[in-house]
Amino acid sequence: TEIPATPAEVWAAVEDLATHTEWMADAERITFVTDQRAGVGTEFDCLTVVGPLRTTDRMRVTEWEPGAVMGIEHRGAVTGSGRFTLEPSPRGTTFRWSEELTFPWWLGGPIGEVAGKPVLAWVWRRNLDRLRAYVTQTLRAP
């Protein structure tokens, strides 16, 4: 998605992992399990809710390049990795979000992954819209 802000301004909005619940509709609660709250090695539990499905997964920051990249490893019922990249664009910042996830058997395993893909794509698209609004609102705040 395109966000009408500089990569530094967008990064300022996403680097505080605790605030991800403010713009990620599916992230209900984040609980840090390390004293560290930013950077590679930070770990937290994220309660994720999509419809009637709830899971708390341990996540670990694996990449951290301020203004450019944040990588996350999912280590719980759902495993895999996610990555945010920020690139300058004529209209501000191009923010990309990619995920590679593996579902456990009780979420349907590979069949659940196929069935869940359009649902999760919709959720993440909505989250990107919410992120754009969050960044814009943050920039307007006194």
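Reply: The radius of gyration is taken over C-alpha atoms, and the globule rule is 2.2 Å times the number of residues to the power 0.38. The model is predicted. For 142 residues, a compact globule would have a radius of gyration near 14 Å, and the protein chain has 15 Å, which agrees. Along the principal axes, the C-alpha atoms of the chain fill a box of roughly 45 × 35 × 25 Å.

The protein chain contains 3 helices and 7 strands. In sequence order the pattern is β-α-α-β-β-β-β-β-β-α.

Now to the part in question, helix α1, which covers residues 7-14. Its buried residues are Pro7, Val10, Trp11, Ala13 and Val14; buried here means under 20% relative accessible area. Viewed down the axis of α1, these buried residues fall within an arc of 160°, so they line one face of the helix. An α-helix has 3.6 residues a turn, so residues three or four places apart point the same way.

Of the 142 residues in the protein chain, 45% count as buried. Among contacts in the chain with a separation of 6 or more, 42% come from residues 24 or more positions apart. The chain exposes about 7800 Å², and carbon and sulfur atoms supply 56% of that area. As for charge, there are 15 positive and 19 negative side chains, with the centres of the two sets 5 Å apart.

Methods
Residues numbered from 1 in each chain as written. Predicted model: local features only at pLDDT ≥ 70, side-chain atom pairs only at ≥ 80, totals over all residues. Heavy atoms only, no water. Helix = DSSP H or I, 4+ residues; strand = E, 2+ residues; numbered from the N terminus. Buried < 20%, exposed > 50% of the residue type's maximum accessible area, 1.4 Å probe, protein only. Contact = heavy atoms within 4.5 Å. Areas by Shrake-Rupley, 256 points an atom, 1.4 Å probe, with all protein chains shown as cover. Lys, Arg positive; Asp, Glu negative; His and termini not counted. Charge placed at Lys NZ, Arg CZ, Asp CG, Glu CD. Arc of directions from axis to C-beta.
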